[in-house]
Amino acid sequence: MADKLKVTLVKSVIGRIPKHRKTVEALGLKKTGRSNTLPNNEATRGMIKQVEYLLKVEEI
């Protein structure tokens, strides 16, 4: 299992549920096409699972 995950926002958060918008912001993503490297732990994977329809995730 990889230590880090590269998370990229591929769809806009416009018109999404406010809770999902806040989750995307908590992952450190603000604009479509931007990426962030995050630790691979339970909390991060839970947030990713909630908004996986907006993201692209790669193991590093």
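This is a predicted model: local features need pLDDT of at least 70, side-chain atom pairs count only at pLDDT 80 or more; totals for chains, interfaces and linings use all residues.
Okay, let's start with α1, which runs over residues 18–26. Which residues of this helix are buried? They are His-20, Thr-23 and Val-24. Around the helix axis, these three cover an arc of only 100 degrees, so they end up on the same side of α1. And what do they pack against? The buried residues of α1 pack against β1, residues 4–9, and against α2, residues 42–50.

Now turn the helix around. On the face pointing away from that buried side you'll find the exposed residues Pro-18, Lys-19, Lys-22, Glu-25 and Ala-26. If you keep following the chain, just after α1 you get to Gly-28, and its phi is positive, at about 85 degrees.

Side chains of opposite charge can pair when their charged atoms come close. How many salt bridges does the structure hold? Three, and I'll take them one at a time.

Arg-45 pairs up with Glu-42, and their closest N and O atoms are 3.3 Å apart. Why is the spacing along the helix worth a look here? Because the two residues are three apart in α2, about one helical turn separates Arg-45 from Glu-42. As for solvent, Glu-42 is exposed, with 62% relative accessible area, whereas Arg-45 sits at 34% relative accessibility and counts as partly exposed.

Next one: Lys-49 and Glu-52. Their side chains meet in a salt bridge with an N to O distance of 3.8 Å. The cut-off for calling something a salt bridge is 4 Å, so this pair does count, at 3.8 Å. Lys-49 is exposed at 56% relative accessibility, and Glu-52 is partly exposed at 46%.

Last pair: Lys-56 with Glu-58. Here the closest N and O atoms lie 3.4 Å apart. Are these two exposed, partly exposed or buried? Lys-56 is partly exposed, at 45% relative accessibility, and Glu-58 is partly exposed too, with a relative accessible area of 31%.

Terms used. Residues are numbered from 1 along each chain as its sequence is written. Side-chain values use heavy atoms; hydrogens and water are left out. Buried means under 20% relative accessible area, exposed over 50%, partly exposed in between (1.4 Å probe, protein chains only). Helices (H or I, at least four residues) and strands (E, at least two) are DSSP runs, numbered from the N terminus. The arc is that of the directions from the helix axis to the C-beta atoms. Contact means heavy atoms within 4.5 Å.
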